There are 2 protein chains.
Amino acid sequence: MEKPSIPARVGQPAVTVWLTGLSGSGKSTIAAELERRLVALERPCFVLDGDKVRTGLNRDLGFSHEDRTENIRRIAEVAHLMNEAGLIAITALISPYRADREMAREIIGAERFVEVYLDATLEICEGRDPKGLYKKARRGEIPDFTGVSAPYEAPQAPQVTLHTGKETVASCVDALLARLKGNVVYKD
Amino acid sequence: MEKPSIPARVGQPAVTVWLTGLSGSGKSTIAAELERRLVALERPCFVLDGDKVRTGLNRDLGFSHEDRTENIRRIAEVAHLMNEAGLIAITALISPYRADREMAREIIGAERFVEVYLDATLEICEGRDPKGLYKKARRGEIPDFTGVSAPYEAPQAPQVTLHTGKETVASCVDALLARLKGNVVYKD
């Protein structure tokens, strides 16, 4: 991956850390901890959490395939604007389809797009079930639920893979920061 | 106007400077100069220009009344996210309807919303006609063109009024910065 240019106005190479993984794989948790660590390092950043954005910018969107793609498109456009403004963007959304993540990569720019795969098994994610969504999906109350009744297309060549089913949050974020540090987050 | 809270991660009170005025009243010019001055003051900021956002986030929207409102809603939501991230947002779009600007104020939060009216007469704006749009509108080639065939509802109580038809860009931005400085941009 090429090193991105440094926007003058904040003075850091801004990237988008695109977290993808099953529901329950730890996206929001990793995003929040990465944000906390970056803030401590005085690296301006911002989390775009899929669930939260659905109550604001994307409140008009549902869960049809078309609306899910539009959800991802808009979040990628906002991440792009935040990168242009010099912020590190951290996105936390399942984004199960390769084609949608490719679209996000194109919008954001390949040199700024860091795809991070949260690799936890369905069994572990379903065992956690923090929002009770898997239970509902198994009862047929949620159609097209990723991992149950809709596919999750794992990244084929992610920049980073985090084993969030086996490692602690702190250890995953250490690994992620180390990877970002060597490549994109810090000025040379 | 109450002083907004200071987001910890950038360390400035983030506001949205909402520029409204006729086509040709100087919104993009004032936005660019305000951005330049804020960057020089090391105040992280970002311009959301209506025309530019229409090539990205809002590329799916047209110019029907419904789409114009959606255009403003999304830009207000992005400005809100940027404020949450600690950036000063500067928006440059005609936003001719009071109801739409009220919606923006609600989304962004009244304590962060700085409405700036670029008060230049239609004659002056039409005389400038930087994009040749007034000529097209007069020929009937653009329906519902603000000031010609659609209304512009001037703000009734803007935080700042800039006389962009009479004053220089530098003088307008001086006045705007002085108003911001006293109220919101700088830490006490």
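**Exercise 1. The nonpolar core**

Which residues have the most contacts inside the largest nonpolar core, and how many residues does that core have?

*Solution.* The structure is a predicted model.

Step 1. The largest nonpolar core has 92 residues.

Step 2. The residues with the most contacts inside this core are A:Val78, A:Ile90, B:Val78 and B:Ile90.

Step 3. Take B:Val78 and set aside its neighbours within four places in sequence. In chain A, B:Val78 is in contact with A:Leu57, A:Val78 and A:Leu81; in chain B, the partners are B:Leu48 and B:Leu57.

**Exercise 2. The contact between the chains**

Describe the contact between chains A and B, and state how the two copies are related.

*Solution.* 

Step 1. Chain B contributes 16 residues to the contact, and chain A contributes 16 residues.

Step 2. Helix 3 of chain B, residues 65-84, supplies six residues, the largest share of the side of chain B that touches chain A.

Step 3. Sorted by class, this side of chain B comprises ten nonpolar, three polar and three charged residues.

Step 4. Chain B is superposed on chain A by a rotation of 180 degrees, with 0.0 Å of shift along the axis and an RMSD of 0.0 Å. This is therefore the relation of a two-fold axis.

Step 5. Both copies use the same surface, since 100% of the contact residues of chain B recur in chain A.

Step 6. For the model as a whole, the scores are ipTM 0.86 and pTM 0.89.

**Exercise 3. The two sides of a helix**

Determine which residues of helix 4 of chain B are buried and which are exposed.

*Solution.* 

Step 1. Helix 4 of chain B spans residues 98-108, and its buried residues include B:Asp100, B:Arg101, B:Ala104, B:Ile107 and B:Ile108.

Step 2. These residues cover an arc of only 115 degrees around the axis, so they lie on the same side of helix 4 of chain B.

Step 3. The spacing can be set against a general rule: an α-helix has 3.6 residues a turn, so residues three or four places apart point the same way.

Step 4. B:Ala99 and B:Glu106, on the other side of helix 4 of chain B, are exposed.

Step 5. The buried residues of helix 4 of chain B are covered by elements including strand 1 (16-20), helix 3 and strand 4 (113-118) of chain B.

Step 6. After helix 4 of chain B comes B:Gly109, with a positive phi near 100 degrees.

**Exercise 4. The build of chain A**

*Solution.* 

Step 1. Chain A contains seven helices and five strands.

Step 2. Of the 188 residues in chain A, 44% are buried.

Step 3. Consider the contacts in chain A with a separation of 6 or more: 75% of them join residues 24 or more positions apart.

**Exercise 5. Individual residues of chain A**

Where are A:Glu42, A:Arg43, A:Asp144 and A:Ala92 placed in chain A?

*Solution.* 

Step 1. A:Glu42 is in the loop between helix 1 (27-40) and strand 2 (45-49) of chain A. Although not a glycine, A:Glu42 has a positive phi of about 60 degrees. With 10 other C-beta atoms within 10 Å, A:Glu42 is exposed.

Step 2. A:Arg43 is also in the loop between helix 1 and strand 2 of chain A, but counts as buried because 20 C-beta neighbours lie inside 10 Å.

Step 3. A:Asp144 is in the loop between helix 6 (133-138) and strand 5 (160-162) of chain A. The phi of A:Asp144 is positive, near 50 degrees, in a residue other than glycine. A:Asp144 is partly exposed, with 14 other C-beta atoms within 10 Å.

Step 4. A:Ala92 belongs to strand 3 of chain A, residues 88-92, and is buried, with 27 other C-beta atoms within 10 Å. Apart from neighbours within four places in sequence, the contacts of A:Ala92 include A:Leu19, A:Ala31, A:Val47 and A:Asp49.

Technical notes: Residues are numbered from 1 along each chain as its sequence is written. Chains are lettered from A and ligands numbered from 1 in the order in which they are written. This is a predicted model: local features need pLDDT of at least 70, side-chain atom pairs count only at pLDDT 80 or more; totals for chains, interfaces and linings use all residues. Two residues are in contact if their C-beta atoms, placed from the backbone, lie within 7 Å. Helices (H or I, at least four residues) and strands (E, at least two) are DSSP runs, numbered from the N terminus. Ala, Val, Leu, Ile, Met, Phe, Trp, Tyr, Cys and Pro count as nonpolar, Asp, Glu, Lys and Arg as charged, and the others, Gly among them, as polar. Copies are superposed by least squares on the C-alpha atoms of residues with pLDDT of at least 70 in both. A residue is buried if 20 or more other C-beta atoms lie within 10 Å of its own, exposed if 12 or fewer, and partly exposed in between; C-beta atoms are placed from the backbone. The arc is that of the directions from the helix axis to the C-beta atoms. A nonpolar core is a set of buried Ala, Val, Leu, Ile, Met, Phe, Trp, Tyr and Cys residues joined through C-beta atoms within 7 Å.
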